[in-house]
Amino acid sequence: MHTCFDCGREMKREILEFTDEVNNEKITFKTEGFICECGRKTIEAPQMEAYDIALANEYRKKK
Ligand SMILES: [Zn+2]
């Protein structure tokens with residue numbers, strides 16, 4: 001179980017939209033993470049690899 005750092009409620013595992021930067025370009029992509037009712041999103045260490053792959057794939061699509 002994952003508890004929100006902001007409000008202490010339980011976070012849900014879902015496919016979420018994230019925005020990150022690659023070479024100063026903002027990339028919006030979807031990957032699995034945790035979300036709280038308050039809007040806070042986070043990812044766990046085991047989800048990091050999928051996060052990086054999804055980000056790299058989206059970045060390549062733009063080229
Ligand atoms: Zn919260």
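How many of the eleven residues of strand β1 (residues 12–22) are buried? The number is zero, so strand β1 lies largely in the open. Here a residue is buried if 20 or more other C-beta atoms lie within 10 Å of its own, exposed if 12 or fewer, and partly exposed in between, with C-beta atoms placed from the backbone.

The model is predicted; local features need pLDDT of at least 70, side-chain atom pairs count only at pLDDT 80 or more, and totals for chains, interfaces and linings use all residues. Residues are numbered from 1 along each chain as its sequence is written.

Helices (H or I, at least four residues) and strands (E, at least two) are DSSP runs, numbered from the N terminus. The C-alpha trace spans about 40 × 20 × 15 Å along its principal axes. Of the 63 residues, 6% are buried.

Strands β1 and β2 (residues 25–35) run antiparallel and are joined by eleven bridges; strands pair if DSSP finds at least two bridges between them. Ile15 stands opposite Glu32 in β2. Two residues separate the strands of this hairpin, and Asn23 takes a positive phi near 50°.

Ile43 sits in the loop between β3 (41–42) and α1 (48–61). It counts as partly exposed because it has 15 C-beta neighbours inside 10 Å. Beyond its neighbours within four places in sequence, Ile43 is in contact (C-beta atoms, placed from the backbone, within 7 Å) with Gly33, Phe34, Met48 and Tyr51. Gly33 is ten residues from Ile43 in sequence, with a C-alpha to C-alpha distance of 4.7 Å.

Conventions. Contact = placed C-beta atoms within 7 Å.
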